[in-house]
Amino acid sequence: MLLLRKVSVYLCLFSLCMSVALYPLLPSHVATHWNINGTADEHTTKIMAGFLIPVLMVFLFKVSDFTMRYIYGTSKRNCTVHAIVTNTVLSFLLFIHVLILLIGAGIFIDFQMCLLAAAGAFFLVLSWCFAKIQTREPVTAPFVSTETVFQKMQMHTVRTFCFIGFGLLVSLILPQQWQVYTAICMIGFGGIFIIIMTLYYYTIENRN
């Protein structure tokens, strides 16, 4: 656990170091979004591009560190899984941050392709993390009050995240104009499916 916590700290520090190192190379306005044709269509100020994500990473780390104690209690395995999820989210944000900084510094990178690859890996890691969560100790979460309901929700969440992760990676072989639409549809329908199944099991549980 202590090692995973240190990893979170190092990820936050590395993002800040990258900002400080590349800040002098950034233009006054930095591109932060690109359309399906690869053309930048949204920009932000230099200071926002350089330090917004590092600040967000520190905030998420502190929130995760605080809530871990109240959600999982003394369950060491669940705390470990929670820490891995935190590091996965921080790594994903760090990856996006570095891409934006490098592109802003004048280095040519296909942002869309890199983002889809990172998002695919992100969902695959999340699916693994959700599969490792145990229910020997109560897990406090909305719509979950029995172990059976949690296990069914866990199963569908793991499978959905796996489907999204592999789907995003496979979408890289599609024409560029279809990649974004495919990713949006997969993530959107996956999220809707998880919500519907959660409400379904919650309804069944209340009837019983």
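Strand E1 (29-34), helix H4 (111-132) and helix H6 (176-207) each contribute at least two residues to the lining of the second largest pocket. Helices and strands here are DSSP runs (H or I of at least four residues for helices, E of at least two for strands), numbered from the N terminus. A pocket is an open set of points on a 1 Å grid over the protein atoms alone, with protein on both sides within 12 Å along at least five of seven lines; a cavity is a set of points where a 1.4 Å probe fits but cannot get out, and lining residues have an atom within 4 Å of a point. The model is predicted, so local features need pLDDT of at least 70 and side-chain atom pairs count only at pLDDT 80 or more, while totals for chains, interfaces and linings use all residues. Residues are numbered from 1 along each chain as its sequence is written, and side-chain values use heavy atoms, with hydrogens and water left out.

The volume of this second largest pocket is about 350 Å³, a volume being the space filled by probe spheres set on grid points that are joined across faces, edges and corners. Its lining consists of 17 residues, and Gln-112, Leu-115, Leu-116, Val-180 and Ala-183 are the ones nearest the centre. Helix H4 provides the largest share of this lining, with six residues. By type, the lining of the second largest pocket holds 13 nonpolar residues, four polar and no charged. In this grouping Ala, Val, Leu, Ile, Met, Phe, Trp, Tyr, Cys and Pro are nonpolar, Asp, Glu, Lys and Arg are charged, and the others, Gly among them, are polar.

The largest cavity holds about 70 Å³ of space. It is lined by 10 residues, with Arg-5, Ser-8, Phe-61, Met-68 and Ala-83 closest to its centre. Two or more lining residues come from each of H1, helix H2 (46-71) and helix H3 (76-104), and H2 gives the largest share, four residues. Five nonpolar, three polar and two charged residues make up the lining of the largest cavity.

Now for the chain as a whole. The protein chain has six helices and two strands, which follow one another along the sequence as α-β-β-α-α-α-α-α. Of its 208 residues, 40% are buried; buried means under 20% relative accessible area, exposed over 50% and partly exposed in between (1.4 Å probe, protein chains only). Among contacts in the protein chain with a separation of 6 or more, 69% join residues 24 or more positions apart, where contact means heavy atoms within 4.5 Å.

The predictor's confidence in each residue is given as pLDDT, from 0 to 100. The protein chain averages 81, and 81% of the residues score at least 70. Confidence is highest in helix H1 (residues 2-22), with a mean of 88, and lowest in H6, with a mean of 80. Across residues 136-145 the pLDDT is below 50, and this stretch has 18 contacts in the model beyond near neighbours in sequence. Where pLDDT is low, the predicted coordinates should not be read in detail.

Rings of Phe, Tyr and Trp (its six-membered ring) pair if their centres lie within 6.5 Å, with planes under 30 degrees apart counted as stacked, over 60 as edge-to-face and the rest as tilted. Five aromatic pairs are found by this rule. One of them joins Trp-178 and Tyr-181 edge-to-face, at 6.4 Å centre to centre and 70° between the planes. Both residues lie in helix H6, three residues apart, about one turn of the helix. Tyr-181 is partly exposed, with a relative accessible area of 43%. Elsewhere, ring pairs link Phe-92, Phe-122, Phe-123 and Phe-161 into a cluster.

Leaving out residues up to four places away in sequence, Leu-124 touches Phe-161, Cys-162, Gly-165, Phe-166 and Leu-169. The C-alpha atoms of Leu-124 and Phe-166 are 7.4 Å apart, although 42 residues separate them along the chain. Leu-124 is partly exposed, at a relative accessible area of 21%.

Ala-105 sits in the loop between H3 and H4 and is partly exposed at 26% relative accessibility. Apart from neighbours within four places in sequence, Ala-105 is in contact with Leu-25 and Leu-26.
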